Amino acid sequence: MSQRPLRVLHVNTTDLDGGAARAAHRIHTAQRRIGVDSHMLVLRRRDADPFVHQPQVRADQLVVQRLRQAVAGQLAVRQKTPTNPALHSLNRFGCGLADWINRQAFDVVNLHWLGDEMLSVEEIARIRAPVCWTMHDMWPFSGAEHYDDLTHPGRYLQPYTAASRPPGYGGPDLDARVWHRKQRAWAKRALHLVSPSRWLAGCARDSALLGQQPVHVLPNCVDHAIYRAVGRRQAREWLGLDPAKRYILFGAMSGTSDPRKGFALLTGALDRLVGTWPEARGCGTGGEGEAGVELMVFGAVRPEHPPDFGLPVHYLGCFHDDLSLALLYAAADVLAAPSMQDNLPNTLVEALACGTPCVAFDIGGMPDLVEHGVTGWLAPPFEVDSFAQGLRQMLEHPQPQALREACRSRSLSARSGEVVARQYLALHESVGRDVA
């Protein structure tokens with residue numbers, strides 16, 4: 001007797017808005033392609049995919065839902081965390097979706113990013129199906145914060161007490177309150193954690209809250225039919241860029257204002273690059289270097305007082321479709337990723353799929369993506385001289401085509417949709433119910 005396909009539900013606040021949403025949607029789509037009966041549950045939907053569900057609610061229920069989100073937002077800002085501007089989520093109210101999930105009889109529920117009061121802490125405990133949880137940041141095992149405080153790190157390593165609260169914090173200790181709510185609600189709940197990076201997996205294993213739960217390292221995938229190695233000259237022609245110049249690409253949502261994304265470090269690295277390499281300014285002695293280097297920034301608008309890098313900068317704003325993003329990656333000579341704290345950024349996943357090498361600091365999930373000297377450069381944290389050296393190495397690489405082919409081939413072997421979907425299928429089958 002043939003078995004019916006495994007029925008899996010991926011849960012994320014949105015289907016396409018934000019890095020976690022895009023990663024979750026890609027996993028869902030890849031699983032459907034290999035025959036998994038995969039579905040996605042969201043609060044806000046942009047995709048017309050019939051297997052992405054946004055449960056209908058009455059107008060009065062929608063008003064209540066928005067009020068709850070507003071109240072949660074007002075409560076969150078009462079806590080003052082001056083050295084940790086990262087997003088904080090209380091997940092106090094939820095939207096009543098646990099009951100919807102339980103009525104659908106899924107074999108496995110795979111949680112992702114649950115901000116905007118998608119599910120309350122207590123609702124997560126009420127899900128009856130086996131639960132896997134793909135961690136896109138540190139929120140599952142922390143308090144209300146999505147990322148650890150870089151200045152005072154490690155609070156998640158022990159129970160949240162007044163003694164462990166970082167100095168300078170004020171107002172109610174909402175991080176501690178959320179942490180203890182999680183501890184009470186999930187004390188008897190099995191959660192199979194999934195981490196896209198070895199770094200985040202290690203953090204989860206060391207955490208006081210979820211350190212006893214199993215952790216699996218599975219990468220995020222990318223569609224290589226869309227993110228592909230288009231010829232650089234052709235990509236630049238389509239985007240209206242100068243084929244003779246060398247382009248450094250930097251991309252992050254609010255990347256110029258979020259200290260965690262390392263924009264200040266990029267500023268320092270580019271200053272070193274310009275100061276030690278005259279060709280970057282088009283001041284060489286002839287040849288290709290005469291055209292100079294330019295910086296392209298996407299995912300952020302031009303700041304009111306832009307820094308002076310000593311080279312031209314193009315602020316490109318936000319790109320909302322995959323094809324335009326793929327062209328942008330293909331047009332660049334190198335992607336600069338100066339993050340001080342990050343999991344497995346989509347920007348690097350996408351750039352490498354397009355054959356574009358990446359320069360990053362050796363932190364977080366960057367070593368899972370960048371093979372030093374082969375697909376890019378890993379600088380010691382947070383040495384801007386080494387970062388600048390990596391940019392120059394990639395811009396002056398003696399075999400640029402071989403470099404791009406290495407980026408593409410390693411991406412295909414490790415992060416193709418089929419490869420990752422089958423890894424998820426093996427995990428879901430191991431934790432889900434046997435289906436006749």
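Analyst: Let us begin with one term: buried means under 20% relative accessible area, exposed means over 50%, and partly exposed lies in between, with a 1.4 Å probe and protein chains only. By that rule Glu117 counts as buried, because its relative accessibility is 5%. Before we go on, please note that this is a predicted model, in which local features need pLDDT of at least 70 and side-chain atom pairs count only at pLDDT 80 or more, while totals for chains, interfaces and linings use all residues. Residues are numbered from 1 along each chain as its sequence is written, and side-chain values use heavy atoms, with hydrogens and water left out.

User: Where does Glu117 lie?

Analyst: Glu117 lies in the loop between strand S4 (108–111) and helix H4 (121–126), where helices (H or I, at least four residues) and strands (E, at least two) are DSSP runs numbered from the N terminus. Its phi is near 60 degrees, which is a positive value in a residue other than glycine.

User: And what is phi of Asn91 near?

Analyst: Phi of Asn91 is near 45 degrees, again a positive value in a residue other than glycine. Asn91 is found in the loop between helix H2 (59–76) and helix H3 (97–103), and it counts as buried because its relative accessibility is 1%.

User: Switching topic, which residues touch the most other members of the largest nonpolar core?

Analyst: A nonpolar core is a set of buried Ala, Val, Leu, Ile, Met, Phe, Trp, Tyr and Cys residues joined through side-chain atoms within 4.5 Å. The largest one here has 65 residues, and Ile248 and Phe387 touch the most other members. A second, separate core of 40 residues includes Val121, Met135, Phe141 and Trp179.

User: What is Ile248 in contact with?

Analyst: Contact means heavy atoms within 4.5 Å. Leaving aside neighbours within four places in sequence, the contacts of Ile248 include Leu270, Leu273, Val293, Met296, Val334, Leu391 and Leu395, and Glu294 is also one of them. As general background, nonpolar side chains tend to be buried together in soluble globular proteins.

User: Now the helices: at what angle do H7 and H9 cross?

Analyst: The axes of helix H7 (residues 232–239) and helix H9 (residues 322–331) cross at roughly 125 degrees and come within 8 Å. The axes are lines fitted to C-alpha atoms, for helices over the stretch in contact, and the angles run from 0 to 180 degrees between N-to-C directions.

User: Which residues make that contact?

Analyst: From H7 the contact is made by Arg232, Ala235, Arg236, Trp238 and Leu239, and from H9 by Leu327, Leu328, Ala330 and Ala331. These residues divide into seven nonpolar, no polar and two charged, where Ala, Val, Leu, Ile, Met, Phe, Trp, Tyr, Cys and Pro count as nonpolar, Asp, Glu, Lys and Arg as charged, and the others, Gly among them, as polar.

User: How do H13 and H14 cross?

Analyst: The axes of helix H13 (residues 400–415) and helix H14 (residues 417–431) come within 5 Å and cross at roughly 25 degrees, which makes H13 roughly parallel to H14. In this pair Ser413, Ala414 and Arg415 in H13 meet Gly417, Val419 and Val420 in H14, and by class the contact has three nonpolar, two polar and one charged residues.

User: How many residues of H10 are buried?

Analyst: Helix H10 (residues 346–353) is mostly covered, with eight of its eight residues buried; among them are Asn346, Thr347 and Glu350. Just after H10, Gly355 takes a positive phi of about 85 degrees.

User: Let's go to the loop with Asn220: is Asn220 buried or exposed?

Analyst: Asn220, which sits in the loop between strand S7 (215–217) and H7, counts as buried because its relative accessibility is 3%. Setting aside neighbours within four places in sequence, Asn220 is in contact with residues including His136, Asn346, Arg415 and Val420.

User: And what about Arg228?

Analyst: Arg228 is also found in the loop between S7 and H7, and Arg228 is partly exposed, with a relative accessible area of 44%. The C-alpha atoms of Arg228 and Ala326 are 98 residues apart along the chain and are separated by 6.9 Å.

User: Last one: which peptide bond is cis?

Analyst: The bond from Pro381 to Phe382 is cis, with omega near -15 degrees, and Phe382 lies in the loop between strand S13 (376–379) and helix H12 (384–395).

Definitions and conventions
Parallel < 35°, antiparallel > 145°, perpendicular 65-115°, else oblique.
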